[in-house]
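Thank you all for coming. I would like to take a few minutes to walk you through one model, so please keep the sequence and the structure in view while I talk.

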Amino acid sequence: MPTRTLRACLALAWLLLAGPLLAVSAQFETAVKARIDPAYAVVLFADGHRTLIPISSLGAEDLAFLRELSLSSPLAHGNSRVTIVKEPVQVKKTIATNTLEGSLETVQLNPPNIERDQIGATCMVYARVHWLDIAGFYMDNVAIYKVINNADPMEPWKSPSYYPNLIVMMTAFTPQPIFHTWSPKYEPFEWVRQEIRKGRPVLASFPREVWQDLPPGFVGEHPWSGGNVGHQVVINGFTWNHDTHQGTFHIINSWKGLFEFDLKTEAAAGSLVVEQSLSPKGEAPEAAAAVEIGRVTLVKVIGKTNLYEVQTKTGVERVVAPDEASARAMLGP
């Protein structure tokens, strides 16, 4: 073969061999072994060091090179493993004051970080924003306006999107907020005190005017529909005299100039409705307590089923069931 032809063949062979290498990034030029895992590539270099590289960060040419290298010079698994540890969420500390002086108990949670003045009659939104804020779940104005912008601020409850948006607003957090709903089997105000002792603010409402308990002029200056919709607030503290059975509830409000006030328990009776409490952010869910079933009493027959009263450790529950055994099974083992 002529010398010129031989040189041309050697040059072509060198290009064919070196061509793929020229496309590889400089960081992999000294790679000698590789292993491709589902999410990572593990590469051994000529100087003995290894590196772990996310597959998603590799370009197409580098990935192709490492795949080929993993087949021709596979890197065996070592004893080490990559473990992704989920960072625990620190429990929000919400209790600012917790004292017992003689018979007078005082528990006060921290206030919201921002005092917000509601727009129109949107107390359902702003009470929940304050409620979430106290427990460690923070919202900005953009998130708030997403709920109220598509509704008439004077009568937002008439908008079909208002209530669904409220639910989305309260659940769009990580971790998810944990809510606790008041049950009629508990005395409401004692339930409120128990929840606040646990550091949980309570969502509540005034279903009718309480003129005699608010500073003059405030109710008249703010949207208030009385019995039909009422006005929503948050309870974030209390005082309670265990001897006289008298005290106050500390109310967080969404009216400029009356952001917070104390309501006497005797004034709250009949005019303050409690709804739900909210666990501080990071608090673990409570384990469900076992229900102890006592006597089961048939109240009346309803068509093909029955209404029973079931005696439990925490009170009487009413259950609709086809028979007594089913009524017991619905409440506990």
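I will begin with the sheet, go on to the hairpin, and end with the helices and the cores.

Before that, a word on the basis: this is a predicted model, in which local features need pLDDT of at least 70 and side-chain atom pairs count only at pLDDT 80 or more, while totals for chains, interfaces and linings use all residues. Residues are numbered from 1 along each chain as its sequence is written, and side-chain values use heavy atoms, with hydrogens and water left out.

Let me start with the open sheet, where 3 strands follow the order β1-β2-β3 with antiparallel pairing; strands here are DSSP runs of E with at least two residues, helices are runs of H or I with at least four, and both are numbered from the N terminus. Two strands are said to pair if DSSP finds at least two bridges between them. β1 and β3 (50–54) each have a single partner strand and stand at the edges, so one side of each is left without a neighbour in the sheet. From one strand to the next, the twist averages 20 degrees. Strand β2, residues 40–45, pairs with β3 over 5 bridges in the antiparallel sense, and A41 is the residue that stands opposite I53 in β3.

On β1, which covers residues 31–36, I would point you to K33. Although 41 residues separate K33 from P74 in sequence, their C-alpha atoms are 5.7 Å apart. Beyond its neighbours within four places in sequence, K33 is in contact (heavy atoms within 4.5 Å) with residues including V42, V43, L44 and P74. Helix α2, residues 60–72, lies across β1 and β2 and runs at about 95 degrees to β1.

Now to the hairpin formed by β4 and β5, which has 2 residues between its strands, and in whose turn G102 has a positive phi of about 65 degrees. The two strands run antiparallel and are joined by 6 bridges, β5 being residues 104–109, and T99 stands opposite T106 in β5. β4, residues 95–101, is hardly covered, for the count of buried residues among its 7 residues is 0.

Turning to the helices, the axes of α3 and α5 (residues 162–171) come within 11 Å and cross at roughly 10 degrees. That makes α3 roughly parallel to α5, a description used for angles under 35 degrees. The residues making this contact include V125, R128 and W131 of α3, with Y163, L166 and M170 of α5.

Finally, the largest nonpolar core has 48 residues, of which V125, I235, F249 and L272 touch the most other members; such a core is a set of buried Ala, Val, Leu, Ile, Met, Phe, Trp, Tyr and Cys residues joined through side-chain atoms within 4.5 Å. Its largest share, 9 residues, comes from helix α3, residues 123–135. Another core, of 14 residues, lies apart from it, with V24, V43, L58 and L63 among them.

Notes
Buried means under 20% relative accessible area, exposed over 50%, partly exposed in between (1.4 Å probe, protein chains only). Axes are lines fitted to C-alpha atoms, for helices over the stretch in contact, and angles run from 0 to 180 degrees between N-to-C directions. Angles under 35 degrees count as roughly parallel, over 145 as roughly antiparallel, 65 to 115 as roughly perpendicular and the rest as oblique.
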